[in-house]
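Thanks for coming. I'll take the two ligand sites in turn, and I'll keep it short.

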Amino acid sequence: MSDSEQRTKLNRFALGRQLTALANTSPQEMLDKMPSDAAKHQAQRIGLTGAPGSGKSTLGGQLAMHRLIRESAVQRLGILAIDPSSPKSGGAILGDRIRMDELPGSAELFIRSLGSRSTADGLTDNLPEMLDLMDSFEFDEVLIETVGVGQVEYAVRLQVDTLVLVLLPNSGDMVQAMKSGIMEMPDIFVVNKSDLSGADRTAADIERITALRKITKVQWHPQVLLVSNSKPESIVALSKEIDRHQNWLITSGEQQKIQIDRARYRLRRIIERRVQQVIDELGDTDMKQALPEQFEKVISKLRGARNSI
Ligand SMILES: Nc1nc2c(ncn2[C@@H]2O[C@H](COP(=O)(O)OP(=O)(O)OP(=O)(O)O)[C@@H](O)[C@H]2O)c(=O)[nH]1
Ligand SMILES: [Mg+2]
């Protein structure tokens, strides 16, 4: 955001309250409340995903500090930590690790930990709407921390612009075992805790696997970075690589494709959840009917609910 543009101070209370409300909103309520136009402002979204304990929160905190202090374009940054086990602890850990007093006066940092609720993919159900909310509060960037290796990447992939996969030294076996589709998702690989032994070997393993992919000239070539919380220069290098990726998204036209895929995923998710809700509500007698009748019943319930708004 340029200096000439006026932005009111972040209303943390309102944002916190609205995020909580969204976390408890059902698919039907969501369909009912959906705004008819998309937010004008769009935050850059960076996903940090990886195995439990791989250092995502520590890294997210350091990255946030670096970007708020060094990048003039980043003045308002949000961290959403999706924590399947303990919705409270993640935010607390992050908060403890960030030295707020070192941030410049103009910087605004908002941290929130969210439970992952019902989704098997490790993302909180209403994350797309939460991210829209962050847009309407005019965040410049949002970091999204999610635990998991596997299905999670697919869901996160579509919600973020830049996906960083955080791996540990000596996780070569795990990297080998990952399905190739997953290895194709990250835009940046981080071998974190590279102060520990085995980081170089893991980086070489990842490079070998990603080199097997057929990459055309126009595609993005993901880099493998060695990062450690005790090496500030490694955080700077990661930050630069994120910028390089975000510039590439714009110049290659990929950003537009991401937005279309994101809209498609979102529509599918909300309809799937709503259909599941309707099917769960059907009675035993409904379930004894023939399939076409059951189908009609579900369709009419879906339509009925929509028309009753
Ligand atoms: N040696 C070393 N330890 C680190 C580094 N970064 C984080 N840690 C430690 O690793 C542990 C886990 O760090 P977190 O940042 O909580 O990891 P996380 O991936 O967010 O963990 P979950 O959210 O529970 O999945 C903590 O004890 C950190 O102090 C690093 O660069 N080197
Ligand atoms: Mg964490």
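A polar contact here is a pair of N or O atoms within 3.5 Å; within protein, one must be able to donate a hydrogen and the other to accept it, and residues adjacent in sequence count only if both atoms are side-chain atoms. This is a predicted model, in which local features need pLDDT of at least 70 and side-chain atom pairs pLDDT 80 or more, while totals for chains, interfaces and linings use all residues. Residues are numbered from 1 along each chain, chains are lettered from A and ligands numbered from 1 as written, and side-chain values use heavy atoms, without hydrogens or water.

Ligand 1, then. One of its nitrogen atoms is 2.8 Å from a side-chain N or O atom of Asp195. An oxygen atom of ligand 1 lies 2.8 Å from a backbone N or O atom of Asn229. On its own, ligand 1 has 650 Å² of accessible area (Shrake-Rupley, 1.4 Å probe), and the protein covers 70% of that. Around ligand 1 are 15 residues, counting those with a heavy atom within 4 Å. Lys56, Ser57 and Lys193 are among the closest.

Now the magnesium ion, ligand 2. Ser57 (OG) and Glu145 (OE) coordinate it at 2.1 to 2.2 Å; donors are N, O and S atoms within 2.8 Å of the metal (3.2 Å for Na, K and Ca), and with water absent the site may look incomplete. Ser57 is in helix H3 and Glu145 in strand E4, so the pair ties together parts 88 residues apart in sequence. Helices (at least four residues) and strands (at least two) are DSSP runs, numbered from the N terminus.

Are these two residues buried or exposed? Buried means under 20% relative accessible area, exposed over 50%, partly exposed in between (1.4 Å probe, protein chains only). Ser57 is buried at 13%, and Glu145 is buried at 10%.
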